[in-house]
Amino acid sequence: MSAPVSSPSRWARVRAWFDVRFRSPAAIYGLIVFAAFVTIADDHAETVWEVLLSASTSLVVFFIAHVFAHTLTEHADHGLRHATREGMRHGAGMLYASVPSVLVLVYAGLTGMPIDDAADLSMWSTFVVLFLLGYSAYRRRGARLFGRLVGGFATACLGVFIAILEYAIH
């Protein structure tokens, strides 16, 4: 007889949920792109709500483009519905990863925070999420605490640098 299969612990389920939504190339790309969109919108918007609307709309357009590209390359092998569904699943991380920054901007809008401060706070939330992703990656590689902290910091700095670079180009 085979041994009974134990269900994963609550923590394992939380980690799996987090991994699917935040630890994917599409999620990291979406996080960095959203940070750049916030910085770009910050220059032209008159309210935090305009920054949020502009950055969110731009990210949704990138998500649609991602789904389109995935569908176009996969539909011949898997059918249109399946390819579209998989493209949406694969690209959903782009949207999920922006949630912390979106929540920061909603908070900023509700409290009447100035646009520049809201954009800075949004960038800090991006930095924190990137730090956690980098820390997690180094933890999975077996790095000691110091290596995890340095790796998380370096990951966050590089991600923010890329967002600033994208802003500078636009």
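Q: Is Arg-89 buried or exposed?
A: Arg-89 is exposed, because its relative accessible area is 55% and the cut-off for exposed is over 50%. This is a predicted model, by the way.

Q: What does the side chain of Arg-89 meet in a salt bridge?
A: The side chain of Glu-86. The N to O distance is 2.8 Å.

Q: Why would two side chains pair like that?
A: Opposite charges can pair when the charged atoms come close.

Q: Where do Arg-89 and Glu-86 lie?
A: Both are in helix 4, which covers residues 80-96. They sit three residues apart, about one turn of the helix.

Q: And how accessible is Glu-86?
A: Its relative accessibility is 23%, so Glu-86 counts as partly exposed.

Q: How many salt bridges does the count come to?
A: One.

Q: Let's zoom out. How many helices and strands are there in the protein chain?
A: Seven helices and zero strands. Along the sequence the pattern reads α-α-α-α-α-α-α.

Q: What does the C-alpha trace span?
A: About 65 × 45 × 30 Å along its principal axes.

Q: How much of the chain counts as buried?
A: 35% of its 170 residues.

Q: What about contacts with a separation of 6 or more?
A: Of those, 67% are between residues 24 or more positions apart.

Q: Now the inside. How many residues are in the largest nonpolar core?
A: It has 18 residues. Phe-34, Val-38, Val-48, Val-51, Leu-59 and Leu-105 have the most contacts inside it.

Q: Which elements give two or more residues to this core?
A: Helix 2 (25-44), helix 3 (48-78), helix 5 (99-111) and helix 6 (115-140). The largest share comes from helix 2, with six residues.

Q: Which residues of helix 7 are buried?
A: Gly-151, Gly-152, Ala-156, Gly-159, Val-160, Ala-163 and Glu-166. These buried residues pack against helix 2 and helix 6.

Q: New topic: Thr-71. Is it buried or exposed?
A: Thr-71 is buried, because its relative accessibility is 9% and the cut-off for buried is under 20%. It is found in helix 3.

Q: Which side chain does Thr-71 make a polar contact with?
A: Its side chain makes one with the side chain of Thr-84, at 3.4 Å. Leaving aside neighbours within four places in sequence, Thr-71 is in contact with Leu-80, Ala-83 and Thr-84.

Q: Last thing. Where is confidence lowest, and where is it highest?
A: Lowest in helix 1 (residues 10-22), with a mean pLDDT of 79. Highest is helix 5, at 95.

Q: And what does the chain average?
A: The average pLDDT is 89, and 96% of the residues score at least 70.

How values were computed:
Residues numbered from 1 in each chain as written. Predicted model: local features only at pLDDT ≥ 70, side-chain atom pairs only at ≥ 80, totals over all residues. Heavy atoms only, no water. Salt bridge = Lys/Arg side-chain N within 4 Å of Asp/Glu carboxyl O. Helix = DSSP H or I, 4+ residues; strand = E, 2+ residues; numbered from the N terminus. Buried < 20%, exposed > 50% of the residue type's maximum accessible area, 1.4 Å probe, protein only. Core = buried A, V, L, I, M, F, W, Y, C linked by side-chain atoms within 4.5 Å. pLDDT = per-residue confidence, 0-100. Contact = heavy atoms within 4.5 Å. Polar contact = N/O pair within 3.5 Å; in protein donor to acceptor, adjacent residues only side chain to side chain.
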